Amino acid sequence: MPSLEALYNRYSDRNFKVLAINSRETLSQVSAFMEEYEYTFTALLDEDGRVTESYGVPGFPTVFVVDANSMIAVRIIGGYDWDSATMQATIESLLD
């Protein structure tokens with residue numbers, strides 16, 4: 001998640017958003033985690049797991065990159081270097 005925070009910070013001034021969806025966790029758990037690690041992107045709650053199920057999330061982390069037309073452009077399951085040159089090029093292409 002540190003590289004996701006770095007990616008968010010790199011592009012936040014260009015209408016780029018990161019929305020973390022926390023499945024089956026409480027507000028206090030999520031708030032404590034975000035504060036402890038000083039993450040500044042938005043964390044949402046999916047307390048009953050319906051959003052997770054509707055997107056077919058097989059495990060955590062699963063990350064979706066959504067384009068300006070609300071279409072899923074990238075889906076990655078597992079760890080990833082979100083601040084890599086490859087992902088930066090992908091984000092750049094979606095922002096242009």
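Which residue forms a salt bridge with aspartate 48? Select arginine 50 together with aspartate 48, and you will find the closest N and O atoms of this salt bridge 2.8 Å apart, where a salt bridge is a side-chain nitrogen of Lys or Arg within 4 Å of a carboxyl oxygen of Asp or Glu. Before going on, note that this is a predicted model, in which local features need pLDDT of at least 70 and side-chain atom pairs count only at pLDDT 80 or more, while totals for chains, interfaces and linings use all residues. Residues are numbered from 1 along each chain as its sequence is written, and side-chain values use heavy atoms, with hydrogens and water left out.

Stay with this first pair for a moment. Arginine 50 is exposed, with a relative accessible area of 62%, whereas aspartate 48 counts as partly exposed at 43%; buried means under 20% relative accessible area, exposed over 50%, and partly exposed in between, with a 1.4 Å probe and protein chains only.

The structure holds four salt bridges. For another of them, select arginine 24 and glutamate 53, whose closest N and O atoms are 2.8 Å apart. Arginine 24 lies in the loop between β1 and α2 (27–36) and glutamate 53 in helix α3 (residues 50–54), so the pair ties together parts that are 29 residues apart in sequence; helices (H or I, at least four residues) and strands (E, at least two) are DSSP runs, numbered from the N terminus. Glutamate 53 is exposed, at 54% relative accessible area.

Next, select glutamate 92 and arginine 14, whose side chains meet in a salt bridge of 3.0 Å, N to O. Glutamate 92 is in helix α4 (residues 85–95) and arginine 14 in the loop between α1 (2–11) and β1 (19–23), so that this pair links distant parts of the chain, 78 residues apart. Glutamate 92 is partly exposed at 27% relative accessibility, and arginine 14 is also partly exposed, at 32%.

Now move to serine 23 in strand β1, which counts as buried at 14% relative accessibility. Its contacts (heavy atoms within 4.5 Å) include Asp46, Gly49 and Phe60, not counting residues up to four places away in sequence.

Finally, select valine 51, which is found in helix α3 and counts as partly exposed at 34% relative accessibility.
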